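User: I would like to learn how to read features in a protein model. Please take them one at a time, with the general idea before the case.

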Amino acid sequence: MSTNKLARGVALVGAGMSNFGAFKGKSSRDLFVEAFVEMLASVDKPFDPKMIEALYVGNYSSDLFEGQGHVAPIMASWVGLTPIPAVRVEDACASAGVALREGILAVASGLYDIVLVGGVEKMTDLATEKVTDTLATAADSQYEIPAGFTFPGFYAAMSTSYMAAYGATPEIFKKVGIKNHENGSKNEKAQFGAKISTLMEARKNSAAKKGLPIPEWKDELDFLNDDRANPIIAWPMRLYDCSPVSDGAAVVLLVSEELASKFSDHPIFVAGTGQASDGALHDREVLNSIPSARVAAQKAYEMAGITPKDVDFAEVHDCFTIAEIIATEDLGFFEKGQGWKAAEAGETSREGKKPINLSGGLKSKGHPVGASGVGQVVEVWKQLRGQAGDRQLPGKPRYGLTHNVGGTGQTCVVHIFERRD
């Protein structure tokens, strides 16, 4: 019988990531090496990387994005870790989060003491329409894609369902984007590390330099309501409601709890982990919630022995702005239908009672799909260790949570991390 507890404790003792963005001339292996090197530098005490016993790599579709399959041993080779076992994990946009869970379970089982987990994706070598086609393979190719759905369309349907049920308007989605760009402006690794107001002023300056009429936007919302500056992709989702096409990699080092002090003065501990699955969106009774997220979150809370109120901050899967609002409800931070009101009231801002996506989230930081789940953990690592710079939460946060979704919620994995010192 399952007790929903790890057989032994697992600690996070190192974390690193590449810049997220568009990097012509770099491959996924180049980005993985960058993340690995930063991870090595983050470990407090000297250690030999040859001590690492296994590698788990989250990667959605290097086969289609780069024409390269079998990426796990390639990554192991490029960071000098062969001949250890190297495993690729694919669960759409939750690939890295699930790879992390597999690494946690491998250490907790006693099979390994020291495991490297990473995620990587190189998306920008393809044209946008080809990226859309590749991402569509995460949906139901027999029922949904032939009907004309793409991922902006899926989340547009979720948005309209949410608005109809709870009275939200498209304005709140824009405000989520404004908040995440504000956070991302403080993240040196973010793909779009600029406030919406900064991007707005850049558009005005560009028009002036070209001798064109200078737009007279009054504020950020006025800018985001302009069809020319922020075109509709799939109503009510506009361009600035969508996460970008991104390249990037992220890496973390896991060890058994009893070894943590040999690597780090301030290790971060895995308090809880949960994963769940679901069918395709077209088969669900409701579109404005992700059932797998609710199940995964409950399992993680049970393992950690805490409730949603105990979580100090969270990195959630905001592939679209509506996804963040739904996530805050599915995770139990707010009651159903109240997430949009909490966002509007500023409760999810850095200064709010439940800060969400301090890194800028997928929306601003970027979304290299196979890397995003571990990229979220890098932010939690920094926040819990007090190393997040200008975006650092005040005080000493104890619990940080990550929420990583694959597809429209066919997969969700939730992790909870704890600072104990």
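**Reading the features**

User: Does Phe223 count as buried or exposed?

Analyst: Phe223 has 0% relative accessibility and therefore counts as buried, since buried means under 20%. Keep in mind that this is a predicted model.

User: How many aromatic pairs does the structure hold?

Analyst: A pair of aromatic rings is described by the distance of the centres and the angle of the planes. There are seven aromatic pairs in this structure. In one of them, the ring centres of Tyr155 and Phe320 are 4.9 Å apart and the planes stand at 20 degrees, so this pair is stacked.

User: Where do Tyr155 and Phe320 lie?

Analyst: Tyr155 is in helix α6 (residues 151–166), and Phe320 is in the loop between β9 (313–315) and α12 (321–330), so the pair ties together parts 165 residues apart in sequence. Tyr155 is buried, at a relative accessible area of 1%. Phe320 counts as buried too, with 7% relative accessibility.

Another aromatic pair, Phe223 with Tyr240, is edge-to-face: the centres are 5.7 Å apart and the planes make 65 degrees. Here Phe223 belongs to helix α9 (residues 220–224) and Tyr240 to the loop between β6 (237–238) and β7 (247–256), so the parts tied together are 17 residues apart in sequence. Tyr240 has 17% relative accessibility and counts as buried.

User: Which residues form one aromatic cluster?

Analyst: Phe149, Phe151 and Phe154 form one.

User: Which ring does the charged end of Lys26 sit over?

Analyst: For this feature, look at the place of the charge relative to the ring. The charged end of Lys26 sits over the ring of Phe23, at 5.2 Å from its centre. In a second case, Arg420 lies over the face of Phe269, 3.9 Å from the ring centre.

User: At roughly how many degrees do the axes of helix α4 and helix α15 cross?

Analyst: To read a helix pair, take the axes and the angle between them. The axes of α4 (residues 95–108) and α15 (residues 372–384) come within 5 Å and cross at roughly 70 degrees. Angles of 65 to 115 degrees count as roughly perpendicular, so α4 and α15 are roughly perpendicular to each other. On the α4 side the contact is made by Ala96, Gly97 and Leu100, and on the α15 side by Ser372, Gly373, Val374 and Val377. Of the residues in this contact, four are nonpolar, three are polar and none is charged.

User: Which residues does a cis peptide bond join?

Analyst: The angle to read is omega. A cis peptide bond joins Thr82 and Pro83, where omega is about 15 degrees. Pro83 is in the loop between α3 (71–78) and β3 (86–89). Trp235 and Pro236 are also joined by a cis peptide bond, with omega about 5 degrees. Pro236 is in the loop between β5 (232–234) and β6.

User: What is phi of His70 near?

Analyst: Phi of His70 is near 55 degrees, a positive value in a residue that is not glycine. His70 is in the loop between α2 (62–65) and α3, and with 64% relative accessibility it counts as exposed. Asn357, likewise not a glycine, has a positive phi of about 60 degrees. Asn357 is in the loop between α13 (339–344) and α14 (361–365), and at 0% relative accessibility it counts as buried.

Key
Residues numbered from 1 in each chain as written. Predicted model: local features only at pLDDT ≥ 70, side-chain atom pairs only at ≥ 80, totals over all residues. Heavy atoms only, no water. Axes fitted to C-alpha atoms, helices over the stretch in contact; angles between N-to-C directions. Helix = DSSP H or I, 4+ residues; strand = E, 2+ residues; numbered from the N terminus. Parallel < 35°, antiparallel > 145°, perpendicular 65-115°, else oblique. Contact = heavy atoms within 4.5 Å. Nonpolar A, V, L, I, M, F, W, Y, C, P; charged D, E, K, R; others polar. Phe/Tyr/Trp six-rings, centres within 6.5 Å; stacked < 30°, edge-to-face > 60°. Buried < 20%, exposed > 50% of the residue type's maximum accessible area, 1.4 Å probe, protein only. Lys NZ or Arg CZ within 6 Å of the ring centre and 35° of its normal.
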